[in-house]
Amino acid sequence: MSESANKVIAESADVIVVGAGLVGSALACALTAASAIKVVVVDANQPQPPPEGGFDPRVVALSAAAVQFLRELEVWPGVVSQRHCPYRGMEVWDGEGNGRIRFSCDDLHRDQLGFIVENSVVLRALHQVLQPRVQLLAPVGVETWDQINDLNQLTLSDGRVLLAPLLIGADGGHSRLRELAHIPVSSWAYNHSAIVTTVRTAASHDFIARQRFSHQGPLAFLPLQDGPADPGRHCSIVWSLEEAVAERMMGLDDKTFCAELTQVSEACLGEVEWADQRHAIPLWQRHASEYGRAGFALVGDAAHTIHPLAGQGVNLGLYDAKALAAEILRAQRRRVPLSHDSVVQRYQRQRKFHNLSAMASMEGFKRLFGADSPSLLAVRNRGMNWVDGQLWLKRLLMQVAAGDV
Ligand SMILES: Cc1cc2nc3c(=O)[nH]c(=O)nc-3n(C[C@H](O)[C@H](O)[C@H](O)COP(=O)(O)OP(=O)(O)OC[C@H]3O[C@@H](n4cnc5c(N)ncnc54)[C@H](O)[C@@H]3O)c2cc1C
């Protein structure tokens, strides 16, 4: 073979996004919606379509603000045309006492509090909008990364070389780019795993998301939109348990697992009649000390991973994507080089405090409900019932969860 045939030609772009998950894809959509920015997206895996004839076991509860962002990106119609489930209320209760809080969209004069959607449904809708606009390279990994004079040079596992002034790590909780950038991360394992699966229950969920807390861990029933044959009887569950207990639950046969779920959920939806294949996901909390530096930024789970008990992980990631896209577009309008430190610093200033506050409140909840001291239990239950009687406070909490505040 001649020497020229072996020569690798570098491809140039304005922005390289590594990770075509929900956050990286939304960011690429936002960057290319109305600008001439050239974006290349790289992912180590081929995006998986939603399963045929069943539900994706991974779902997210999208806040009103996250849905509004997807509307602005013209992605939301693609979700609606597939499958989504509005939830009109939320009920949380203490499985070890009598504390209970009920939230209703009526109190906010809205039609719903948010939507439960399958990850692969949102991803497909994002990629339908993305595909004509950006080059998506998948499945391909990152081999090496160098920063040479204001340019990031990325060598991919297929030998391709990419050059861009701005590189974005949207490659999830185990971010390789965060590691290559030597950005320290504070992290701790909860020693809990979340069991996720789809279940069918005897009673209809009535478009209410339910979560029972106990010192063992929270169990959530998130409503799904099913067909006319079983209206409102499918939910996605997220059951966070100590690892040893989760392992035992994973090993049960379907009938015994359903019986356990019926009992632990206090049969809030009657008997759990059927459960799909279960998956156990180890739970971590992580936070990167910096969200990047000149020419490099982290978004979504690559910057912060949060306990799923309040269903805020992807919402926070989508707010990151929106904020970073706005900063990049601002820099482009003002002819500031995308490799300039100010782009990432301005993004970080907007997002770090918000993400840290959300993580701190989740940690507080987790510890409050993880404790089994009788005095704390009594205070916790009195506190929950007090909150339930304070409409102004419930409105505020709903507005925070919706991303309005
Ligand atoms: C059990 C559970 C329940 C949850 N429920 C909710 C909820 O109700 N609401 C909510 O808001 N959030 C929820 N979350 C959190 C939410 O799922 C995550 O915050 C969200 O998926 C993060 O998106 P991301 O795009 O940042 O990362 P990811 O979804 O992890 O995507 C990362 C992408 O990068 C790719 N990648 C990884 N490594 C490389 C590499 N080296 N090179 C190239 N590509 C790479 C991957 O293939 C993937 O496509 C939940 C999480 C868990 C575990």
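Predicted model: local features only at pLDDT ≥ 70, side-chain atom pairs only at ≥ 80, totals over all residues.
The lining of the largest cavity divides into 5 nonpolar residues, 5 polar residues and 1 charged residue, and this cavity has a volume of about 70 Å³.

**Cavities**

- The residues that line the largest cavity are His 192, Phe 213, Ser 214, His 215, Gly 217, Pro 218, Leu 309, Phe 365, Lys 366, Phe 369 and Gly 370, and the largest share of this lining, 4 residues, is given by helix H10, which spans residues 341–370.
- The second largest cavity holds about 40 Å³ of space, and its lining is made up of Phe 55, Arg 83, His 84, Cys 85, Ile 116, Val 117, Glu 118, Leu 224 and Gln 225.
- Strand S8, residues 114–118, provides the largest share of the lining of the second largest cavity, with 3 residues, and by class this lining has 5 nonpolar, 2 polar and 2 charged residues.

**Surroundings of the ligand**

- Around the ligand there are 29 residues, of which Asp 43, Asn 45, Arg 58, Asp 301 and Val 314 come nearest; by class, the shell divides into 15 nonpolar, 9 polar and 5 charged residues.
- Asn 45 places a polar side-chain atom 2.7 Å from an oxygen atom of the ligand, while polar backbone atoms lie 2.9 Å from a ligand oxygen atom in the case of Ala 61 and 3.3 Å from a ligand oxygen atom in the case of Gly 313.
- On its own the ligand has 1000 Å² of accessible area, and the protein covers 83% of it.
- Two or more residues of the shell come from each of helix H2 (22–32), strand S4 (59–63), strand S14 and helix H9 (313–333).

**Strand pairing**

- Strand S2, residues 15–18, and strand S3, residues 39–42, run parallel and are joined by 4 bridges, with Val 17 standing opposite Val 41 in S3.

Key
Residues numbered from 1 in each chain as written. Heavy atoms only, no water. Pairing = 2+ DSSP bridges. Near = heavy atom within 4 Å. Polar contact = N/O pair within 3.5 Å; in protein donor to acceptor, adjacent residues only side chain to side chain. Areas by Shrake-Rupley, 256 points an atom, 1.4 Å probe, with all protein chains shown as cover. Nonpolar A, V, L, I, M, F, W, Y, C, P; charged D, E, K, R; others polar. 1 Å grid on protein atoms, 1.4 Å probe; cavity = no way out; pocket = protein on both sides within 12 Å on 5 of 7 lines; lining within 4 Å. Points joined across faces, edges and corners; volume = space filled by probe spheres on them.
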